[in-house]
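Please look at the structure below and follow its parts one step at a time.

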Amino acid sequence: MDSISTQIFQQIINGLSLGSIYALIALGYTMVYGIIKLINFAHGDVMMVGAYSGWFAVTVLHLPFLPALLFSMISCALLGVLIERIAYKPLRNASRIAALITAIGVSLFLEYGGMIVVTAQVRTYPPVFPDTRYILGGVYFKYGDIVMLLTAVVLMALLHFTVQYTKVGKAMRAVSYDKDAALLMGINTNNIISFTFAIGSALAAAAGVLMGVYFNTIDPLMGIIPGLKAFVAAVLGGIGIIPGAMVGGLMLGLVESIVSGLGASTWRDAVAFLILILVLIIKPSGLFGKNVREKV
Amino acid sequence: MLVLEDVNVYYGAIHALKGISFEVNQGEIVTLIGSNGAGKSTSLKTISGLLRPKTGKLTFNGENLATVAPQSIVAKGISHVPEGRRVFANMTVIENLELGAYLRKDKAGIKEAIKHVYSLFPRLEERKSQISGTLSGGEQQMLAMGRALMSKPQLLLLDEPSMGLAPILVKQIFSIIKEINASGTTILLVEQNAHMALSIANRAYVLETGKIVLSGDSKQLAASEEVRKAYLGG
């Protein structure tokens, strides 16, 4: 294979790895938006907490990758439920702007509260994966890349299964479509909302751990930029729509790594946002967004 | 079975139900009729817990409902088919029915309930895998009613089942309501189509701006001068 196409393949691999992280974060944004119409700006910071819990599990508790991932996911699921119960639930019937401002407050609280707890110092993630590389047709696959992609794919498949086929998943879709009608079915909407926060936060935690593994360093403000980009990915795919967040995240990752691969890495964020603007001009509800028409 | 006594409900500052009292007895079809804004839907929402009475008594089989969470009211045997159907339009017909049985754990019983719903509404069986948003208005009404029956309610609250439907469908829906009642489910029916409602109900209450102004046997009411003038077009 000639070098240009290998180059492109290499960038696609990199893009998918990065994109799967964005997708995992974007899923939480989109699920929470879908169920209570709130842009949870603290979501990126939950990812940061996830990265730190993973770091804690690996360096202090000496857990291997998978148990560390689970540890981080479970702690963030609890954190997500706690945030929802304390900060957002009392505002369920308040104006949306009040909830949004609260979300920004929670975000700042996690960022600077985090700094007090873990200090502002950058920490390095221990190497959890062997440095093995596989070469296939001139394209390098790092062991870590493969594990990352696999983790992301497995988590997304699990999520898809949960939402589509389980009872709680159906209840989630019902609550997200019509809260009052869901109540009339006997669905405890508060529990379903908590459950949604738990799942979204657990996915963000997984993304945080993968992010730490991918970039090696973590710090208390690491959630801001990926959080913002995941938000872009969610909007790109159509906010509130789960497959949209997956595709939006992967697309964003691909675009970024291809632009970087072309030697214009300083432009990659600009290109990502340009695409967002174009999508919003052409299809304001996002790639997967539908203009729902109601029959009377 | 269901008793409301001097119930007052507010929407913020608006006094929507002004001391309403009525009752529904086991096995009856009772209808609330009245014009727009009279408080018919508000009454149903109060019974199913979506709205709360500020004062007054609301009991079902002797049990106070006023402080029970809406999702637990379903468990007590009251099922509410809301105005405008409110089916989950993003889900299939069968998923909607399954959600209707959300609180039930008996798999065999749920299967049986689905069969029962299909026998009442064969159209739903033909369209069971279809996304319910693509159903016609009449089919959505059938789905909303079928979904409500999935919890095996003792009391079924129906809010404007005839809304927006062609006359022939209205007739069909009303004959099914009678069938549901005949198989042992008590029915509280809210309707603007007073003529149809009075034709199937045992008793009726007439609401006007949040108060009950008339009540009695539905045949007598249908014959009374006042009701005919105001609601049956002379």
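Helices here are DSSP runs of H or I with at least four residues, numbered from the N terminus, and their axes are lines fitted to C-alpha atoms over the stretch in contact, with angles running from 0 to 180 degrees between N-to-C directions. The model is a predicted one, in which local features need pLDDT of at least 70 and side-chain atom pairs count only at pLDDT 80 or more, while totals for chains, interfaces and linings use all residues. Residues are numbered from 1 along each chain as its sequence is written, and chains are lettered from A and ligands numbered from 1 in the order in which they are written.

In chain A, helix H2 (residues 43-59) packs against helix H4 (residues 96-118) at an angle of about 25 degrees, their axes being 9 Å apart. Because angles under 35 degrees count as roughly parallel, H2(A) is roughly parallel to H4(A). Two residues are in contact if their C-beta atoms, placed from the backbone, lie within 7 Å, and here H2(A) contributes Asp45(A), Met48(A), Val49(A) and Tyr52(A), whereas H4(A) contributes Ser107(A), Leu110(A), Glu111(A), Gly114(A) and Val118(A).

Chain B is divided into domain 1 (2-77 + 153-231) and domain 2 (87-152), with bounds that come from an automatic or database domain assignment. The centres of these two domains of chain B, taken over C-alpha atoms, are separated by 23 Å, and 12 residues of domain 1 are in contact with 10 residues of domain 2. On the side of domain 1 of chain B that touches domain 2, H7(B) gives the most, with five residues.

Definitions and conventions. Helix = DSSP H or I, 4+ residues; strand = E, 2+ residues; numbered from the N terminus. Parallel < 35°, antiparallel > 145°, perpendicular 65-115°, else oblique.
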